Amino acid sequence: MKKKVISTRNIFLFLAVIFIGIQFYRPNKNIQDDASYNDFLKTENAPEHISNLFKNSCYNCHSNTTDYYWYDNISPASWYVDNHIVEAKSELNFSKWKHIDYRTKRVHLSNIATNITDNKMPIPSYTFMHPDAKLSKEQIAQILEWIGTIEVN
Ligand code: HEC
């Protein structure tokens, strides 16, 4: 009698081995001790409620300190999360704000305003997993108002 090689059990075992194997390939964590020195919210003296909004809705991707959820550590989710962080920071890193030249700061501020007004940020796949990061109309208005008061130099 021939033994069946491709059984449901073997497929399951094969997938389990792969899943365990990829856990050894986790990206480095995006947590840096010096993240606050040149920080946006600190440099621009953001009031606390505004700081909280940015930290809760933007900083996990756009800064040097990500507050990871437990499932963010599990590959392949960890790759997906890391990809977003790398891409987001290459566009805008709030932890490096202080030393960005003033023209670029102005561009960033206007991009922040349009992105939140159009509900493009935080990105929908993120608010799907983290509904509390979604900005309400009122919160968007508060951020826009505060951004209008910033004088960059
Ligand atoms: C889940 C990760 C994530 C979160 C959270 C997030 N972003 Fe982004 N952001 C990205 C990625 C990825 C890009 C680059 C790709 C793109 O533009 O879609 C980006 C791009 C941007 C850009 C540049 C886009 C442009 O072309 O002007 C701005 C500005 C921005 N984000 C602001 C914000 C603000 C403000 C928040 C919080 C309200 C936020 N983001 C939250 C991932 C994120």
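**Notebook: the ligand and its iron site**

I started with His-62 and found one of its polar side-chain atoms 2.8 Å from a nitrogen atom of the ligand. I'm working on a predicted model, where local features need pLDDT of at least 70, side-chain atom pairs count only at pLDDT 80 or more, and totals for chains, interfaces and linings use all residues. Residues are numbered from 1 along each chain as its sequence is written, and side-chain values use heavy atoms, with hydrogens and water left out.

**Iron.** I looked up what holds the iron atom of the ligand: His-62 (NE2) and Met-121 (SD) coordinate it at 2.0 to 2.3 Å. Donors here are N, O and S atoms within 2.8 Å of the metal (3.2 Å for Na, K and Ca); water is not among the atoms, so sites may look incomplete. The iron site has six donor atoms with angles of 84 to 178°, and is octahedral (six donors, opposite ones over 155 degrees apart and all others between 65 and 115). His-62 is in helix α4 and Met-121 in the loop between α6 and α7 (124–129), so the pair ties together parts 59 residues apart in sequence. Helices are DSSP runs (H or I, at least four residues), numbered from the N terminus.

**Shell.** I count 18 residues around the ligand, and Cys-58, Cys-61, His-62, Asn-111 and Met-121 come nearest (near means a heavy atom within 4 Å). The shell divides into 11 nonpolar, five polar and two charged residues. Nonpolar covers Ala, Val, Leu, Ile, Met, Phe, Trp, Tyr, Cys and Pro; charged is Asp, Glu, Lys and Arg; the others, Gly among them, are polar.

I also checked ligand oxygen atoms: one is 3.1 Å from a side-chain N or O atom of Asn-111, and for Asn-115 the distance is 3.4 Å. Polar contacts are N or O pairs within 3.5 Å. The elements giving two or more residues to the shell are α4 (59–62), α5 (77–91) and α6 (102–117).

**Backbone.** Most residues other than glycine have a negative phi, and most peptide bonds are trans. I found the bond from Met-121 to Pro-122 cis, with omega near -10°; Pro-122 lies in the loop between α6 and α7. Ser-75 to Pro-76 is cis too, omega near 5°, with Pro-76 in the loop between α4 and α5.

Terms used
Polar contact = N/O pair within 3.5 Å; in protein donor to acceptor, adjacent residues only side chain to side chain. Tetrahedral: all angles 85-135°; square planar, octahedral: opposite > 155°, others 65-115°.
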